Amino acid sequence: MTSNLPDPMIPTPFVVHRVKRETSDTYTLDLKGPEAAANFAFAPGQFNMLYAFGAGEAPISISGDPARPETLVHTVRDVGNVTRAICRLKKGERLGVRGPFGAPWPVAQLAGQDVLIIAGGLGLAPLRPALYHLLNHREEYGNVEVIYGARTPKDLLYPKELERWRGRFDLRVHITVDASEGDWRGSVGVVTKIIARARFDPPSTAALVCGPGVMMRFTVQELMSRGLKPEQIYVSMERNMKCGVGLCGHCQWGPFFVCKDGPVFRYDRVRDWFERREV
Amino acid sequence: MDTMEPILAAHPFFKDLAPRYLKLVCECASREQFAPGQMLCRDEEEARKFYVIYHGQVAVEIYRARRGPVTIQTLGDGEALGWLWWQQPYHWHLDARALQLTRVISLDVQCLLTKCDQDHDFGYELMKRYAHHLAVQFRVTKLQLADMYG
Amino acid sequence: MGASTLQVGARVRLAAEDFQQLLEVLSGRGYQLVGPSLEDGQLVYGELARVADLPVGWTTIQEAGTFRLQPREDKALFGYGLGQQSWKQFLWPPHHPLWQIQREAGGWRIIPQAEAVPPYAFIGVRACELAAMAVQDRVFLQGNFVDPTYRARREQAFIVAVNCGPRQPGTCFCVSMGTGPRAATGFDLVLTEVVQGEAHWFLVEVGTARGAKIMGQAPHRAAQPVEIDAADRLTAAAAANMGRVLDTAGIKEMFYDNYEHPRWDEVAARCLTCGNCAMVCPTCFCHTTEDAADLSGVAGERRRRQDVCFTVDFSYLHGGSIRTSPRSRYRQWLTHKLATWIDQFGCSGCVGCGRCITWCPVGIDITEEARAIRETAATPGKE
């Protein structure tokens, strides 16, 4: 998919329409584009380079509904200068956008299959557009299961939405945290453990996985021990990125440029590189 | 006892166990049910039972003075709680609390171990399953230690 | 011999004393001449006004970690090897402003960098350097996204290439990489410099219609077969006199199969991770962007600058870097150059110019590292 915006190297100013605090350090921003970019078409799994005035740019996946392109939604965790500046933006302020970039989750190709959405921590953000797509076209898919792990209950993204999804009859949501205190009534244990609870027919299932590297490695192992083949698993990778268009070289991962060949990769195509260290 | 056998046979811990061995297990088994909030075991108590959970949810907790219990793991259908020990009686070092109505088959550990001693083939079969159970527990614990969402 | 009509592929003779006139035709056409010269004891590429600016009568002695300029016995214009610089500094400036940003009522506005790009004429481009341009063309022009900075410069540039003649063997290995010493394509004009006693002339081959027009206006006459033969012998002699060899058979698989080879630890113990090799490499394209705002917070800018994969920051991701060890960073550079590049762009990232060998402060030799891995490979590279 090509960029919606006139020059892929020049940020287009978007206006912050709403800021919602998700966790202690993570915020969801709703953005409205200028007239020329009022409808920001994107595919689930793609990302934008977000620019905060003077601070710089960071690659952030799009976390909104692809069927509602009039609002561009990003969930951002404050982990450095740029993301901190983005998280501190107030309603009415401007944020620069370049994108959308990257290879998406292949949701349209997965019609007719059971789909497992497996997220760890902030990894739910890039998967949410894929889930929106599945729910928007629910009749085209088999069983859809969301498996979501986070460190503690306070670190879960989109808790109200998780509750709504949990209430649906056409979707099963499994949530687990690594540790909990207080009144958490849900599951405690690593995310790989709850994959066992998902219902799916291995030969016609696809798994979309996004989370920290360790989580993805163990998740892939678990999925394969449950009968999925490498070509049925998709992973989303994360790297340092400066340009977003495959030129700056920072996001190289072996032969791949994560920004243009990824961030979503079919596992069988990257398997050799997945286990290698410091690549 | 008749009704316990199919439950055990369907449980992952005893999956595909030979019927004659399943009978031996049943001889050490009894049904138990825990109401929400009820403890399956407590820190420091002598551990006499191995719980085969087939319905419900159990929180495994560590109690910390001032800050109260922290849940380190929840167990549900198809999982097991407890240790098989030799020689020395073993003491629980964790609390386990039912989070909802929980049904288990509890196995008398001493009874099981006696049968293992009497029939080493049975003992080996049981220990293989137990070793696998421990390996899975360790793996899960190590993953938790990695603090992968950090 | 005034203006004449030349065809692409024509071979003509240009007398050494007429070389100045070729330069004048080019500058008369509005080209900004860029070429090699000596500056503070360094061989650099810079603006060129006259023949005397070239390193006339000098040659270069190069070994791993060593670069020396030495007088020649003749007055050859192009009797030197490569310096540390390459043409990429003109085609893809290592420091380049991208845009300015200005706060205004209700937000801010970006002002794209306006720039006038001079049409360059590059004088004295070697075959390996042409190959390096072709490699960078694949990176900057032939992907989904075309880099406008590079394109603006590249499309206009007039290229006067020079075939290499015999010199003391140095650090280069174009024969192994199939990129030289004869320039086969990618030039407007290509010269072979012939110095035989008192005779000093150039065989000029016309590569493009544009080149034909320029050459047609410079003094020349048709080359005789014996002259063509003399020039060819010089290039052949250069080919037979390479200082280094790199076996490229199955090289991608060889590196892919040997990510954990002990040689990486060995070379990492010597590597200073200074990044010299990447900076002097004519194909290395990695860069970063820097954003800044003025103290008042009213205006800011984004600049782009060359970056090298040898810094820890290069792979920084929140919480830490991917490639923390020197081993992994050297491995990244070398395997990118010789292996992953092939998957990325369909060609090797190495043109065999040898700069990375000459300018490595500890003399690490890319050909030696590749050989060491090949000789003790965990899994031999497949053809």
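Colleague: Over how many bridges do strand E5 and strand E9 of chain B pair in the antiparallel sense?

Modeller: This is a predicted model, and in it strand E5 of chain B covers residues 57-64 while strand E9 of chain B covers residues 95-98. B:Val58 stands opposite B:Ala98 in E9(B). The antiparallel pairing of E5 and E9 in chain B runs over 4 bridges.

Colleague: Which strands stand at the edges of the open sheet of 5 strands?

Modeller: The sheet is open, with antiparallel pairing, and its order is E10(A)-E6(B)-E5(B)-E9(B)-E2(B). Each edge strand has a single partner strand, so one side of each is left without a neighbour in the sheet. The edges are strand E10 (180-181) of chain A and strand E2 (39-41) of chain B.

Colleague: How many helices and strands does chain B have?

Modeller: Read from the N terminus on, the elements of chain B run α-α-β-β-β-β-β-β-β-β-β-β-α-α. Counted by kind, chain B has 4 helices and 10 strands.

Colleague: What radius of gyration does chain B have?

Modeller: The C-alpha atoms of chain B fill a box of roughly 50 × 30 × 30 Å, taken along the principal axes. For 150 residues, a compact globule would have a radius of gyration near 15 Å, and the value for chain B agrees with this, being 16 Å.

Colleague: How many residues does the contact take from chain A and from chain C?

Modeller: Both chains contribute residues to this contact, 29 from chain A and 39 from chain C. By class, the side of chain A that touches chain C has 12 nonpolar, 9 polar and 8 charged residues. The numbers asked for are therefore, under a contact cut-off of 7 Å between C-beta atoms, 29 residues from chain A and 39 residues from chain C.

Technical notes
Residues numbered from 1 in each chain as written. Chains lettered and ligands numbered in written order. Predicted model: local features only at pLDDT ≥ 70, side-chain atom pairs only at ≥ 80, totals over all residues. Contact = placed C-beta atoms within 7 Å. Nonpolar A, V, L, I, M, F, W, Y, C, P; charged D, E, K, R; others polar. Pairing = 2+ DSSP bridges. Helix = DSSP H or I, 4+ residues; strand = E, 2+ residues; numbered from the N terminus. Rg over C-alpha atoms; globule rule 2.2 N^0.38 Å.
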